[in-house]
Every structure is written in C-alpha cells, then in structure tokens.
Amino acid sequence: MRLEYTGPQKRFRLEVREWLAAHVPKATLPSFDTEVGFAEHRAWEASLAQGRFSAVTWPEAFGGRGCGLIEWLIFEEEYWRSSAPLRVNQNGIFLLAPTLMEFGTEAQKQRFLPKMATGEEIWAQGWSEPGAGSDMAAIRCTAQRDGDHYVINGQKTWSTRAVWADWLFGLFRSEPGSQRHHGLTFVLLPLKLPGITIRPIKQLNGLAGFAEIFFDNVRVPVENRLGDEGAGWNIAMATAGFERGLMLRSPGRFQQTAKLLVKLYQQNRERADADPAIRDAVMRSWMGAEAYTLATYRTACRLNKGAKIGAEASTNKIFWSELDLLMHETAMQILGPQGELMARSPEPADPGNGYSWLDGFLFSQAGPIYAGTNEIQRNIIAERMLGLPRA
Amino acid sequence: MDFTFAEQQIAFRDAVRKFLIIEAAPEMLREIWETKSGRSRELRCKLADQGLTAISVPETYGGIGLGDLDWILLQVELGYYAIPDSLSDTAYLASWLLEHLPADLALKREWLPRIAAGTARIAVGHPVNLLVADAELADLILLWHDDEIHGVTASDVKLTPQVSIDASRRLYAIEWSPSARTRLCSAKQGAGLWQQVLNRGALALAAQLLGLAQRMVDLGVDYAAQRKQFGKPVGAFQAVKHQLADVAVKIEFTKPVLFRAAYAVDRDLDDAAIQVSHAKLAAGDAARLAARNALQAHGAMGYTWEADLQMFMKRAWALDAAWGDRGFHKQRVADAIFADGAELGPGSTFN
C-alpha cells in the first residue's frame, strides 16, 4: 500500500488546475436544460476538447490523453474544485463511450468518438419506456429489420438531455415476440430522423431535463447497431458494470459539495447550532464524501491490478445518492427560510457562495431513482453479493 | 498510488482465518465465557504458534517486526471470530508502547521476547477507557498518570472486577499509587506515546468492529435463507433483504476508511488522529446497524441466548464505546474539519 501520487501525476494535477483557472467561464452558465444553456455548455465542451481535457481516459487518436484511472480521478477532482460547468455530454462520454470502446467496430469508434469529444454531437439515452422502468427487460419499442435498415416504432421516456441532443443510444426489441432480455438490440440513432417526435417533460425545477420520444417508422441503417443483433441486453449490462458505475459520479463532485456545506455551516453558526443535529450532519457529510473518495481510489487501484468488480458496485449508487440527499437536506436546514428562494429571486444575495443549494437539493431527489433505483440496487446486493434467495 | 495489500499480507490473513474458523468456533467461545478467568491458556498458546503474538515485536527481540498495515487485516479477523483473548492489547498495543519507551533496554529485553513467545499478558490502562481490560491475568499493567507511563503488576494494585454484557470482556476498576519505582517514562515523553497508543487502540477496535459487522451480516443471511414463513425463506422478502443490503453498503464504505487510517498510523502521518476517528465512527456505525438488522432478520431467535448472534452483537455494543466513544471521536473529527484554514474538498484526500 502506498497512498501517494507520482511526480507525473502531481504535475498533471497542476497542468489541469492551471488550464481550468484560465478557461473556466467566470459567470455561471445558464442550465443546460434550457436552449441557450445547452448551446453554451456545448461550446464549453468544445473548449475542453481544444485543451484535450474532454475525455482524458480515451486514446489520443479519439481526442483523449490515454490517462489511467488515477489521472482521471485527479482530473475530476480539479474539475469539481474549479466549479466548472456541468458536462452536457456526460451520457456520451461517460456512459456510451466505454461501451463503444468495448463493443464498437473500428469504423464506429472513428465515426462517433471524436465528435463526442468535441461536443459536436451530444448524446441522450433511450432506456426507459412507459412500461419499462426498473423492469428494463419489459422493453417494447421495436426495431424491425428491413433489408439494411431497422424500422423503429414505439416510445421511450425519461430520456435525459433528449430535448436538444443530437443522437440517442438505447435498447430496442429486434426479434418479434421475444421475451424479457432476449431479442434486444443496442442501436445508435440521430434524433433528427423523420418519424421522431420529441416531447419535453418538465422536471421539478420547471426545466425540460428529459423528454418522451415517439418513433413512427423511423428508418435507421444497420451499421448503427452496436454489437450483434439480439445481444443488446448483455452489451448494456456489461458496461453497466463497474467502469460505468465508477464514472457516473466521480468523488470530486461530492467532496466539493461537502466543502461548500462546511463553509455554509461555518458562515451560519448562529442559526445552524440552534439544532445540534445539523453539526452532526455536516460532519457525516464530510466523512461520507471522504469515504466515497477512498472507496473509488481503492476500486481504481484494484482494477489496475486486474481485479474484477462484481455486485459490490451496486453499493456505490446507494452510497452516493444518499450522501447527496444528506448534504443538500442539511444545507436547506442551515439556510432555513432562505432555502426556498430560487436563484433568480432578488433576495438573498448568493447564500450558497456561487452554488445553488436549492437546485442541488432538487436534483438530489432524483439520485435514488435514476441509473437503477436504490431498491433495485438493494436487490442486487442482497441476491448477488450476500447470496439471499431470489423472490 | 496503490490502495491494495501485498500478497503476503493477504496470505497471512487467509492463514489466520483458516486457523480461527476451527479454533474460535462459537461453541468454544461459549465454553470460555463460562470460565472464571474468561481466558484460555490453550488458545493463547495456539495464537502464539501462529506467530500472532510476535507480529509487532522487533526481530532483535525475537519477533517478526511487522507494522500497523500488517495488523489491520488480522484485526478484522479477530473481530469476525470475536476471539476471547487480549491478544491485541498485549501483542499490538503494549508491544508498540514498550518498544517506543525511551531507551530502557532492560525493560525491553525483559518483556518484548516474552510477548513474542506468547508467555506474557500485558494490560494497557489508557485514561480514555473507564476500566482496564484483562488486568487480573496480566503479568504487567501499563498505566497512565498525568501523561507519565507507569508499569505495575497485579499484586501492586487493587482490582475490582466489573461485569460487561460481553462475557468475554474482563474489565477491572483499578486503585493504585504511582511512585518513582513504577514510573517508566516522563510526562513529556509519555504524552506523545499515549496519543499514539490511543490511535492504535481505536484503530484496532475499528477493524474488529468491521469484522463483527461482517460476521453479523453473514449470520443474518444464513438464518434468513433457512427460516421459512409463508412457504418461502424469509430472506426472499425484500423487507428483509434490504435491511441486510444496507449493512453491506456500510461495510463496503468502511473498508477503505479503515485501511487508509491504518496507513496513516503506520506512516505516522499528521492526520492519523482524524483518520482513525473517522474509521472508528464508520466501523461502529456499521457494527451497530449490523447488530440491529441481523437481530431483526433472526426474529425472536435473535433475542435468545441460544442463537450465536448474541456473542457478536454484545462484543460490538461494547467495543463501540471503548478506546473513545462516539462523542470523543466526533469531537476529534470536528476539531479537524472546522479548524480555520482546514484543507477540505476535492484533491485534499492524500496530502
């Protein structure tokens, strides 16, 4: 065990820190769930790509730096530390890209990765359907083979970033009459195709962070299939495994929130200390963020040594989503009567030191639901990690 | 960056685990509970045969000369099997303290080889603990007095046995008079040593609590998989599953905190105290939740003397408040993170 960075890693941190200090927009961008904000976040992705910082773990040929997992963690720490904009293309870069690297053809990688890195093509995800949420194998949207095309019909929903995104990846039923996880195919498709109707869904904050997508005889070339026909479920699951669990929420995010929470508490001691539970919650927040960071480093080191990560990855999702709730609920308590005021409200003057606790609080409510509800994660832990009998 | 254990460390842990499965079976724990001393000479000899008493003792005194990182995985096993022995107090804490006393070679020559050979029991009385564990059988008791370190024998002091809910803990109130004869080290030199012993004591218990938490989950899973109601194992019901899964989450996120704390202690890093306190709090949380939820998974059986779960629950409840209770460790964390100019946030984890 040796818990230190190497010289090159320390230099990399400095390089990232300096670049971000020089390039991160001074003013907070409008939410990427608005048209203007989406465009500004896309421009930021292009700026990141120019510095070759948009996808540091990718091979250089695709716009990355070929960084290892520790360098990736360093990059993420610096990124969150700098209060840089949220990543509008995270569906593509952190979720689809690892899948493409593993299952895509060389031509597909060449076609999709560079434009993903620059933000020229922003990706939305197409998993859930009205009848297939936690029970994703109940997917009914079809991709019927017709010569060198698939003809897509049906409906997807809760599709994150889909209102303004360019491309969508998702699972479709390609074998008529197939059941559950059989007969599903992983398809990549442009959202501007004829026959596609996108209906924005307003989220708690009033913005259209996700959408319903209707497909009416949408024709997609067969070359847009990722992996084999009918193998979609395994492809989706293979990288839903660890790499993706690791990359979905990097620890820097929660450490930054914990740091801001400690600051908020210290600036409001008089109000906060009226309830002794608040101090305790602030401390648990800091410890939780630290534990999540350490767990991620440990996992990265184990992966580097060739270990396989199994069902214990499901503990991650539960841990960070509950930590995020704890931190934001605690902040709301500290803010007291200021907590309900939205950022556009004239009062008060930035109680969050540049961070909107209310926006974060709202988003934290989604954490235990997206990317597999925490109930599903608990089932996975109980059955595959602890070995309890299936229901 | 390497957050993994060396192969030898894993191999040592595996060997100790194999040994304890047989030598520290629940039936044996119950037997030892019934004895007057609560300790087994035979078990101590077997622990010595495994090399466990010699781990910390420097090679020049007949030991193996290993450190905190070598101990930490073994401490988890000592917790998992709830061994009824003061092995850690003697072979980890007392051994470290004696070795680091200012050069009193005679004392080191007298005691360190005996620790290594498994022929001495040494109790450690730190002021953070109300009572002294295993004082009666101890050949030497190391005591705190205004930061000085004193060494006494059981015959020098008056011991009043106290009764813990954990029948394998043997605790004593101690009345004694410090004197020049008993003094081993000045307050000036002792203060830092006591601080380090405190960190090691809490670190050892954090590891044991983690092991206990894992044992209780395992017992809860075994029971829930066998016990049937409504025509199926109760462990097939989500309400039961999710309680045990919650403990698994706590355990997974305690491990790296514990291992980092062991690293900080081993390397004598500036932030060792806060890392240890964090580990103790996290492990205590995991163990208390494990006790509660494993008991619930057992239903009424969990409330009986007959079910083995009780041995591990009682140990966990007791150890949670030993070597610093929750308030003590929270205060140490608070002192660090609420300090002016404390470096927190992304990038501050490994300094």
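Predicted model: local features only at pLDDT ≥ 70, side-chain atom pairs only at ≥ 80, totals over all residues.
Residues are numbered from 1 along each chain as its sequence is written, chains are lettered from A and ligands numbered from 1 in the order in which they are written, and side-chain values use heavy atoms, with hydrogens and water left out. Chain B and chain A bury about 4900 Å² between them. Chain A is divided into three parts: domain 1 (7-88), domain 2 (123-231) and domain 3 (241-385).

**Chain B against chain A**

- The contact takes 45 residues from chain B and 51 from chain A; contact means heavy atoms within 4.5 Å.
- Carbon and sulfur atoms carry 69% of the buried area, which is the accessible area (1.4 Å probe) that two parts lose on being put together, summed over both.
- B:Met1, B:Phe253 and B:Pro346 supply 18% of the area that chain B buries against chain A, more than any other three residues.
- There are five salt bridges between chain B and chain A; each is a side-chain nitrogen of Lys or Arg within 4 Å of a carboxyl oxygen of Asp or Glu.
- The two chains also share 19 residue pairs in polar contact, both residues at pLDDT 80 or more.
- A polar contact is a pair of N or O atoms within 3.5 Å; within protein, one must be able to donate a hydrogen and the other to accept it, and residues adjacent in sequence count only if both atoms are side-chain atoms.
- On chain B, α7 (187-226), α8 (238-266), α9 and α11 (326-337) each supply at least two residues of the side that touches chain A.
- The largest share of that side, 16 residues, comes from α8(B).
- Helices (H or I, at least four residues) and strands (E, at least two) are DSSP runs, numbered from the N terminus.
- By class, that side of chain B has 28 nonpolar, nine polar and eight charged residues.
- Ala, Val, Leu, Ile, Met, Phe, Trp, Tyr, Cys and Pro count as nonpolar, Asp, Glu, Lys and Arg as charged, and the others, Gly among them, as polar.

- A:Arg378 sits in helix α13 (residues 374-385) of chain A.
- A:Arg378 counts as buried because its relative accessibility is 10%; buried means under 20% relative accessible area, exposed over 50%, partly exposed in between (1.4 Å probe, protein chains only).
- B:Asp246 forms a salt bridge with A:Arg378, with the closest N and O atoms 2.5 Å apart.
- Leaving aside neighbours within four places in sequence, A:Arg378 also touches residues including A:Ile318, A:Glu322 and B:His242.

**Domains 1 and 3 of chain A**

- The domain bounds come from an automatic or database domain assignment.
- The centres of domain 1 and domain 3 of chain A, taken over C-alpha atoms, are 21 Å apart.
- In chain A, 13 residues of domain 1 are in contact with 16 residues of domain 3.
- These two domains of chain A bury about 1200 Å², and carbon and sulfur atoms give 68% of it.
- Helix α3 (residues 69-81) of chain A gives the most to the domain 1 side, with nine residues.

**Two loop residues**

- B:Gly302 lies in the loop between α9 (272-298) and α10 (309-320) of chain B.
- B:Gly302 is buried, at 4% relative accessibility.
- A:Ala313 lies in the loop between α10 (276-304) and α11 (314-335) of chain A.
- A:Ala313 is buried, with a relative accessible area of 17%.
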